[in-house]
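Please read the following note alongside the model.

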Amino acid sequence: MNRFRRLLRPLAFIGAACALLVVLGFVEHSARRTPVTDLQVEVEGAAGVHFIDQEAVRAKVLAAHTGLIGAAVSEVDITAIENDLRNIGCVAKADVYHTMDGKLHIRVAQREPIARVINADGTGFYIARDGSTMPLSTEHTARVLVFTGPLHEPFSTQVTDLEAMDDSLTAATHSLRMLRVARTIVADPLWNALFEQVVLDAEGGFELIPRVGLQRIRIGTGEQLAQRLEKLRTFYHQGIAQTDWRRYSVIDLRFGDQVVCTKRTL
């Protein structure tokens, strides 16, 4: 009898597992036949970033996928919806999934711009924190560091991963250097608050323009920028505090451990 019970116990477990699989299969089959009843949209973004909202995402999905509401969830091309959303310039990530109640859940993450580029011809684009470019928007303008000068960057209408560009495009453009400059500035609360514009000069170097004062701060190509800005920090704390900073029109950080200043002419 005991031997029979020992044999019966694993058979019972196997039978229960098979029954569970049958039930799960039935539930899955029924769920896949469930019609889509609604879209639940969630839009994520850094503080102050409002390039796209829930209603805009909803409208774009329904316009691109007619008949979505009411269609069986098994007929919904989730991958196509995700790809469509990722093709929107301000969207960094998009995830779509459905639940058993027929709701299609859409989660969108916006790119976070850290700089705006204004080309010489008036066209422009944003540079995002993740290293990609993103087109300008008619719905929202981000208050970020602005790059100007004799720029002709070809990224106004497309999303480009600046850190994945081939060497020839990197050499022909300035955007990768601008990304590195912007990252260094926004990473430091003082510099992020102080500087509002960066100008590309005729020699291919950058000049920082502060929000207060009329100085131009020359930093060169952007290489060793963190170290050069530390010289500026020391100069502000120890040097310029002892005199009138309005006397200087140019502060040059390009020369070793020196800070070279040009006095303003009256």
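1. Phenylalanine 125 and phenylalanine 155 are both buried, where buried means under 20% relative accessible area, with a 1.4 Å probe and protein chains only. The model is predicted, so local features need pLDDT of at least 70 and side-chain atom pairs pLDDT 80 or more, while totals for chains, interfaces and linings use all residues. Residues are numbered from 1 along each chain as its sequence is written, and side-chain values use heavy atoms, without hydrogens and water.

2. The count of aromatic pairs is 5; rings of Phe, Tyr and Trp (its six-membered ring) pair if their centres lie within 6.5 Å, with planes under 30 degrees apart called stacked, over 60 edge-to-face and the rest tilted. Phenylalanine 125 and phenylalanine 155 are edge-to-face because their planes stand at 85°, with ring centres 5.8 Å apart.

3. Tryptophan 191 and phenylalanine 195 form a stacked pair, 5.7 Å centre to centre with 20° between the planes. Both of these residues, tryptophan 191 and phenylalanine 195, are buried.

4. An open sheet contains 3 strands in the order 1-3-2, with mixed pairing. Strand 1 (38–44) and strand 2 (91–98) each have a single partner strand, so one side of each lacks a neighbour in the sheet. Strands are DSSP runs of E, at least two residues, numbered from the N terminus, and two strands pair if DSSP finds at least two bridges between them.

5. Strand 2 and strand 3 (residues 103–110) pair in the antiparallel sense over 7 bridges. Valine 91 has glutamine 110 in strand 3 as its bridge partner.

Conventions
Helices (H or I, at least four residues) and strands (E, at least two) are DSSP runs, numbered from the N terminus. Buried means under 20% relative accessible area, exposed over 50%, partly exposed in between (1.4 Å probe, protein chains only).
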